[in-house]
Amino acid sequence: MSTDIGGTDPDDNQSMAHLLMYSDRFNLEGLVSSPSYGEGSKAEILRLIDLYDKDLPKLKKHVKDFPAPDALRAVCKQGRHGAAPYVGYATATEGSNWIIQCARKESSQPLWVLVWGGLEDLAQALHDAPEIQKKIKVYWIGGPNKKWSVNSYAYIAEHFPGLWFIEANASYYGFFSNNGVPDSLHTKHYYDRYIREAGYLGKDFKNNRYKGVVKMGDTPSLLYMMDGDPNNPLRENWGGSFETFTSSPRVVYNRNTTLADTVPVYSVLELHVKGPKVKIRSDSACFTMTVKAKIGEQKWDGFYLGDGNYAIRYAPKQTETLTYTITSGLPGFQAQHGQFVVDNRWPGKPRSTNYKLGPNWYTDRKDPALFDGIWQGAQTVLKWRNAVLFDWAKRWAWLQ
C-alpha cells in the first residue's frame with residue numbers, strides 16, 4: 001500500500017481505517033508513505049496502527065486472523081516527500097527499496113501495489129530494479145493524484161508499457177456518490193448511523209477535516225482485492241470494472257495555448273517553452289506555472305532541459321477551462337500566459353505523441369451508461385457501495 005496519508009486529503013485516513021478493520025483479509029507486505037504533495041508521513045500510518053492496536057481485542061473476539069500491530073509497524077516505510085523532477089525519478093527511498101525487496105521474494109503470486117497517492121516510489125523502484133515489472137500488479141487511484149505525480153506517470157508509461165496496471169481516474173468517485181443510496185448510507189449520515197465513535201478508530205474517523213463525512217476515495221483499490229479474481233479487471237467487481245486501453249493521451253505544445261486548444265481530461269499536457277541559456281543543472285526546477293482552476297489557484301514546478309529549453313507537465317482532473325501564467329526568477333525569462341479547454345473524453349483520440357501501452361493496461365469504462373454525472377465508469381463502483389458499507393457496519397458494531 002502506497003499512500004499520501006496525512007497529506008492534503010484526509011480520506012486516506014478513512015481508507016486506512018477500513019484497511020485495518022479488514023486486515024484479516026490481506027497479506028500485507030508494506031505500508032509506504034508516498035506524499036507527492038503535502039505533509040504525509042510514515043508517522044501518520046503508525047498513529048493509525050496504534051489506534052488499531054487498542055481496538056484489536058474487540059476485533060479478535062469475532063475474527064482471530066488479524067495481523068499483530070508490531071508486524072504492521074515493521075512494514076511501514078517512508079517514501080519520497082514531494083513530486084519527482086521532470087525525468088520522473090530521483091533517488092532511492094526506504095519505500096522504493098521496500099517495494100523492490102518485496103517484489104523479489106519467491107512467490108507464486110504477484111506483489112499487488114495499491115497506490116492511493118503519487119507514483120514516485122513505484123517509479124523509483126521500477127527505475128532501480130526494472131526486472132520487478134514482471135512481478136508486480138498495480139491498481140492506482142489516479143485522477144487528481146495524476147496531477148501531483150505526472151512526471152512519474154510519464155516515466156512509467158513511456159519506459160514500462162508492459163506493466164500490469166489499472167489506472168482508475170474516475171471510477172472511484174462512485175464510492176462517495178449519493179446517487180440512489182439509502183438515507184442511512186448517505187456520506188453525511190453513515191457516521192452517525194453506524195460508526196458513532198465506535199472504538200478508537202471510530203473516534204478518530206470524525207477527528208479530521210471531513211468530520212465523519214464518508215469519502216474514502218482510495219478504498220475501491222482494497223475492495224478490488226476483496227471480491228473475486230483480481231487478475232481479471234474486466235469482470236464486475238466491488239472495486240470497479242475496467243477496460244483495456246493501449247494509448248495514453250500525451251499532448252505536446254511548443255507554444256503557449258489558447259482557447260482553441262482542447263485536451264482530454266486526465267491527459268498528460270506538456271508545454272515546452274524557450275528561455276535564456278543558463279548554467280544550471282538540467283532537470284532543475286526553475287520556473288512556476290500558476291494554474292487557475294475551479295478548485296482555486298495552484299502552482300506547479302517547471303524544469304530546465306538545457307540549451308535554453310524549458311518544459312512542464314500538467315494533468316487536468318476534470319472538465320473545465322484553465323488559465324495559466326508561467327514565471328521565473330531567472331534573468332531574461334519572459335513571463336508567459338495561456339488558456340486551454342479540458343473535455344470529458346478519456347482517453348480520447350489517438351495521437352502520435354501518445355504513450356503506447358502494452359496489453360495489460362486498464363482504465364475506466366467509456367460506456368455512457370456507466371458514468372455517474374461527469375465521472376466515467378463510476379457506476380461500476382457505485383453499484384456495490386451499499387453492500388460494502390452495510391458489511392463494514394457489522395464490523396463497526398464489533399467496536400461499540
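Helices here are DSSP runs of H or I with at least four residues, strands are E runs of at least two, and both are numbered from the N terminus. With that in hand, let's walk through the structure. This is a predicted model, where local features need pLDDT of at least 70 and side-chain atom pairs count only at pLDDT 80 or more, while totals for chains, interfaces and linings use all residues. Residues are numbered from 1 along each chain as its sequence is written, and side-chain values use heavy atoms, with hydrogens and water left out.

The term stands for a side-chain nitrogen of Lys or Arg within 4 Å of a carboxyl oxygen of Asp or Glu. Side chains of opposite charge can pair when their charged atoms come close. E44 is buried at 17% relative accessible area, whereas R47, at 31%, is partly exposed. Buried means under 20% relative accessible area, exposed over 50%, and partly exposed in between, using a 1.4 Å probe and protein chains only.

The whole structure has 20 salt bridges, and some of them link separate elements. K206 pairs with D192 at 3.8 Å between the closest N and O atoms. K206 sits in the loop between α9 (199-205) and α10 (219-226) and D192 in helix α8 (residues 190-195), so this pair ties together parts 14 residues apart in sequence. K277 and D307 also meet in a salt bridge, 3.2 Å from N to O. Here K277 belongs to the loop between β11 (268-274) and β12 (285-293) and D307 to the loop between β13 (296-306) and β14 (309-314), so parts 30 residues apart in sequence are tied together. Both K277 and D307 are exposed. Salt bridges with shared partners also join D50, D53, D70 and R73 into one network.

Leaving aside residues up to four places away in sequence, I156 touches L119, L122, A123, L126, P161, L163 and W361; contact means heavy atoms within 4.5 Å.

Finally, the cysteines. Zero disulfides (pairs of cysteine sulfur atoms within 2.5 Å) turn up in a search of the whole structure. For C102, the nearest cysteine sulfur is that of C76, 12 Å away. C102 is buried at 7% relative accessibility, and C286 is buried at 15%.
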